[in-house]
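Morning, everyone. I have one model to show today. Here it is on the screen.

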Amino acid sequence: MQIGKPQLESIVQALTVILPARQPADATLHHFFREHKNLGSRDRALIADTVYAALRRRRYLEHVTPGATPREIALAALVKVQGVGIGQIESALTPTEKAWLVTLKSEPAEALPFEVQADLPDWVIALLRKQYSDEEILALARSLQQPAPLDLRVNSLKAPREAVLEKFDRDNIVAVPTKLAPWGVRLREKPALNKYVLFTEGVVEVQDEGSQLLGLLMEPRRGEMIVDFCAGAGGKTLQMGAAMASQGRLYAFDISEKRLTNLGPRLKRSGLSNVHPQRIANENDAKVKRLRGKIDRVLVDAPCTGLGTLRRNPDLKMRQVETAVAELNVKQRNILDAAAALVKPGGRLVYGTCSLLEAENEAIVTAFLASHPDFKLVPAKDVFARIGIEVEGTGDYMHLLPHRHDTDGFFAAVLQREGK
Ligand SMILES: C[S@@+](CC[C@H](N)C(=O)[O-])C[C@H]1O[C@@H](n2cnc3c(N)ncnc32)[C@H](O)[C@@H]1O
């Protein structure tokens with residue numbers, strides 16, 4: 001594809017508003033496209049791909065550009081990250097830019113400082129170094145620089161996975177079963193699904209395989225009382241509702257009205273009738289307290305730094321700060337405490353995050369177990385074994401990492417309350 005002056009100018013304009021990272025990149029880009037209605041679908045795709053490539057490799061691009069201006073970042077992203085040939089973009093370049101890009105194209109990446117190769121903030125690298133070798137961090141970081149695949153979950157209420165795979169095949173959409181999650185489907189390309197029949201009929205929902213594996217650890221059963229304490233837009237709520245065959249009661253709590261509103265249409269498509277979304281003011285809301293000791297299973301998919309999702313949300317590298325970790329830890333502890341009080345004797349509590357940091361993961365669970373002697377840890381490995389799957393590296397905890405499992409980064413611990 002040739003990239004001319006107008007296309008390059010649009011990419012530069014988009015980067016000019018997105019690089020300051022004042023708002024989440026997806027929202028800013030959405031707004032940008034609304035303000036530039038004249039852009040065709042190919043140009044939009046080019047702009048979105050280049051902006052995301054630039055965000056994923058921002059540290060590197062700032063390192064190799066003379067002034068880190070949006071135009072320089074755009075050019076270096078196209079040529080060095082996206083692999084665009086100089087011939088494809090030549091007509092949009094000044095002679096100086098062309099000479100610079102020719103030199104840049106031939107520079108090897110191996111000689112770069114570790115932090116630049118990893119393309120992670122210093123504070124994240126410092127925390128990861130307490131957990132992993134540099135070699136492992138680099139492998140993890142490189143996988144976080146890749147675009148994430150598009151994973152779907154088949155709604156077991158509506159169709160078997162085989163039938164969904166056959167339908168995709170008939171429609172010439174390349175889809176394969178996910179390696180571990182029994183209801184997952186991975187698409188090779190990223191077709192627009194919002195008008196596609198399997199999506200509009202609620203047969204499939206978008207959900208990363210890692211998120212599906214976290215949901216599986218709940219092992220929901222028909223007829224139970226279940227709480228999804230931090231339901232958000234309901235990725236795992238919908239999964240659990242289907243696993244319950246829409247029988248029993250599933251509360252979807254969240255403090256965010258907006259996220260619960262986004263759950264609405266998904267719920268409608270899914271055909272589930274056992275889900276009760278409830279906005280709560282905080283974890284000590286009266287709507288929470290009235291369920292104390294009554295719930296079979298509670299999921300805490302806790303608010304976290306989200307560093308496991310950098311493939312999808314690379315702007316978190318700019319937007320997240322180290323001081324947020326301690327603030328999130330307070331929330332995580334408080335939510336887990338409040339959620340634990342709902343679990344009836346013999347019931348299950350699953351704590352999960354999409355963070356890579358021990359401080360948000362093991363440390364929260366260890367402190368919880370120390371102050372709640374009536375809960376014990378159930379090895380995640382044993383739960384998976386019962387379901388019939390083996391997740392590499394899972395022992396007491398589930399630890400999903402993009403470079404090992406080809407999923408977003410996720411952590412989970414399964415806790416059980418004593419008694420019957
Ligand atoms: C990791 S997201 C949940 C994602 C969701 N479970 C899914 O699968 O799509 C964390 C959620 O916790 C919510 N949250 C933050 N503080 C909360 C609190 N005190 N009580 C309940 N939910 C809270 C946030 O609004 C956010 O939607």
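Let's start with a helix. How far does helix 15 reach from its first C-alpha to its last? Helix 15 covers residues 257-270, 14 residues in total, and reaches 20 Å. That is close to the 20 Å expected at 1.5 Å a residue; the expected span is 1.5 Å times one less than the number of residues.

Some ground rules. This is a predicted model: local features need pLDDT of at least 70, side-chain atom pairs count only at pLDDT 80 or more, and totals for chains, interfaces and linings use all residues. Residues are numbered from 1 along each chain as its sequence is written.

Back to helix 15. Its buried residues are Leu260, Leu263, Leu267 and Ser270. Buried means 20 or more other C-beta atoms within 10 Å of a residue's own; exposed means 12 or fewer, partly exposed is in between, and C-beta atoms are placed from the backbone. Those buried residues pack against helix 14, strand 6 and strand 7 (275-279). After the helix comes Gly271, with a positive phi near 80°.

Next, the annotated site. UniProt, in an unreviewed entry, places "binding site" at Asp254 and Asp301. They span 48 residues in sequence, but no two of their C-alpha atoms are more than 10.5 Å apart, so they gather at one spot. A caution: UniProt positions use the numbering here, feature names are shortened, and annotations may be inferred rather than shown by experiment.

Take them in turn. Asp254 sits in strand 6 (residues 249-254). It is buried, with 23 other C-beta atoms within 10 Å. Beyond residues up to four places away in sequence, Asp254 touches Arg259, Leu260 and Arg279, among others. Contact means C-beta atoms, placed from the backbone, within 7 Å.

Asp301 is in strand 8 (residues 295-301). Asp301 is also buried, with 25 C-beta neighbours inside 10 Å.

Now the ligand. Which residues are closest to the ligand? Cys230, Gly232, Gly235, Ser256 and Asp301, out of 20 that surround it. The cut-off is a C-beta atom, placed from the backbone, within 6 Å. Helix 14 (235-243), strand 6 and helix 18 (322-340) each supply at least two shell residues.

Terms used: Helix = DSSP H or I, 4+ residues; strand = E, 2+ residues; numbered from the N terminus. Contact = placed C-beta atoms within 7 Å.
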